Structure formats: C-alpha cells, structure tokens
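Please examine the structure shown below before reading the briefing that follows.

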Amino acid sequence: MDFINSASLFSFILTSALIESTPGPNMAYIAVLSATDGRRAGYAAIAGIALGLLIVGLAAAMGVATLISN
C-alpha cells in the first residue's frame, strides 16, 4: 500500500487552507442571511453547507467521481 509522502501532504494542506480562507459565495450568502434573518439562520446555513461539502467529500473519497467520469 502506497502512502503519501510528507512534502505532498504538507502542500495539499497548505493549498486547502489558502483556498478555504478566501471568501466566496458561501461566505457572502451566510453574511447576508445572518444580517437579515439573524444568528440562528446563519448557523443553520453553515450546518447545511458543511453537510453538503461532507457528502461531496465522502463521495469523492469513495471514488464516485471516477465512476461517473467513465
């Protein structure tokens, strides 16, 4: 079984952190929703976005993207 080397892992983590730290459409949506509908609505949106990303991440980890592309 091949494992990822530490330099590649560090590069991946650094790139992921940079991408995640930049504001995007999710951030704008959460800011506007929280400002208009309150903190509870903002937290609900965060939970929904995180759940969606979890599902997509799990699907990718299980190889669903490879199955779909073939």
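Helices are DSSP runs of H or I with at least four residues, and they are numbered from the N terminus. This is a predicted model, in which local features need pLDDT of at least 70, side-chain atom pairs count only at pLDDT 80 or more, and totals for chains, interfaces and linings use all residues. Residues are numbered from 1 along each chain as its sequence is written, and side-chain values use heavy atoms, leaving out hydrogens and water.

**Helix α3**
- Just after α3, glycine 63 has a positive phi of about 90°.
- Helix α3 covers residues 39-61; at 1.5 Å a residue its 23 residues should span 33 Å, which agrees with the 32 Å between its end C-alpha atoms. The expected span is 1.5 Å times one less than the number of residues.

**Helix α2**
- The 13 residues of α2 should span 18 Å at 1.5 Å a residue, and the end C-alpha atoms of α2 are 18 Å apart, which agrees.

**Packing of α2 and α3**
- The axes of α2 and α3, which are lines fitted to C-alpha atoms over the stretch in contact, come within 7 Å and cross at roughly 155°. The angle runs from 0 to 180 degrees between N-to-C directions.
- That crossing makes α2 roughly antiparallel to α3, a term for angles over 145 degrees.

Methods. Helix = DSSP H or I, 4+ residues; strand = E, 2+ residues; numbered from the N terminus. Parallel < 35°, antiparallel > 145°, perpendicular 65-115°, else oblique.
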